[in-house]
Amino acid sequence: MPMVKYGFVKEEDRLFPPMVVVEVTNVCNLRCIHCPHPKMVERPDYRPHNMEWGLFKKIADEVALHPGTIFRLACDGEPLCHPRFIDMLHYADSRGVGPIAFNTNGALMTEDKARGVLAIKKGVVEFSLDAITKEAYESIRVGANFEKVMANVLRFIELRNELNPDVKVMVSIIVQPESDDDREKFLEYWSGRADHVLQRKYIACKGELDESKERYEELPERWPCKQLWTRFNISPEGLAEFCTDDWHDESVVADVGERTIEDIWRGKEYGSLRRFHLDGKFDEIPYCSECTDWRVIEWDFDYFRAIRKAFE
């Protein structure tokens, strides 16, 4: 079915989100310059939180009822900081969930963890690296050791090639001034080593970061936010948030611990949000009224396409 301009890509997407994004932790081991996390942990109300096992099982069990849904573990922290992350992968895999995808900075990807990841049937591991030279890398990914991370990623790929080719590897670089000089070398180095090299756009995350670094064309009018039709976001506490860039829990629509994903996705809250966006009434939603992130979140350039390319 061809892509519609705005709305659900496939009819079945009306019934259940094509991607469920689960933030399993808000803890991270790095302080990257393009991420709001370093600012978040300085807030007086910040509390480290790992998703509880029972809540994760509830989410995975429901997603298992909808084969083909992308189950993505990402966002507010480094997934490998969760003490039961490998257990989470194995549980979701045992329930038939897939493909399972997650982002990692690679610093904590030991050989044991790599073998644990590669025990799942099918998945996509994205290593967020952002540079290919030590100086640029360590200025962007503050707190990481370039040589160690490179060794971890290359060893993961070596093990993947040996143990499980159905786990695909993506590496990504964020387009920002600090990585501009590395970008061509990055693409050249990883092409052929990884299954897909992803260039991510810099997003200011609703003013949490420097908006002057965003790169976009001047556009005549604002378009609806694709997240409302394509992905369902769950915080470490189990809160359903309609915005993946919400670092302050201001876009909460429901509690997944109390309702099902399907009920929330098909419910009146999401229905109202979609109608306001389609009608261009962004001011009717206080959280959306001042948003500028939509300029760099295009409808035809997304994570779904990146996953398809990884499996080509």
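I began with strand 8, where I looked up the bridge partner of Val-171 and found Val-197; I keep in mind throughout that this is a predicted model. I then followed the chain out of strand 7, through helix 7 (residues 183-190) and on to strand 8, and noted that this β-α-β crossover is right-handed. Strand 7 (residues 167-175) and strand 8 (residues 196-201) run parallel, and I find six bridges joining them.

Next I traced the sheet as a whole, which is open and built of nine strands in the order 8-7-5-4-3-1-9-10-11, with mixed pairing. Its edges are strand 8 and strand 11 (252-255), each of which pairs on one side only, and from one strand to the next I read an average twist of 25°.

I also checked strand 1 (residues 19-22) against strand 9 (residues 231-234), and these run parallel with four bridges between them; for Val-21, the bridge partner in strand 9 is Asn-233. Helix 3 (residues 85-94) packs on the sheet, where I see it touching strand 3 (70-73) and strand 4 (100-104), and its direction makes about 165° with that of strand 4.

Last, I turned to the nonpolar cores. The largest has 78 residues, and among those with the most contacts inside it are Phe-56, Phe-71, Trp-190 and Phe-242; helix 6 (residues 146-163) gives the largest share of this core, seven residues. Leaving aside residues up to four places away in sequence, I listed the contacts of Phe-71, which include Val-20, Val-22, Phe-56, Ile-59, Ala-92 and Ile-100. A second, separate core has twelve residues, including Ile-70, Val-124, Phe-304 and Ala-306.

Definitions and conventions: Residues are numbered from 1 along each chain as its sequence is written. This is a predicted model: local features need pLDDT of at least 70, side-chain atom pairs count only at pLDDT 80 or more; totals for chains, interfaces and linings use all residues. Side-chain values use heavy atoms; hydrogens and water are left out. Two strands pair if DSSP finds at least two bridges between them. Helices (H or I, at least four residues) and strands (E, at least two) are DSSP runs, numbered from the N terminus. A crossover is right-handed if, with the strands pointing away from the viewer, the path from the first strand over the helix to the second runs clockwise. Axes are lines fitted to C-alpha atoms, for helices over the stretch in contact, and angles run from 0 to 180 degrees between N-to-C directions. Contact means heavy atoms within 4.5 Å. A nonpolar core is a set of buried Ala, Val, Leu, Ile, Met, Phe, Trp, Tyr and Cys residues joined through side-chain atoms within 4.5 Å. Buried means under 20% relative accessible area, exposed over 50%, partly exposed in between (1.4 Å probe, protein chains only).
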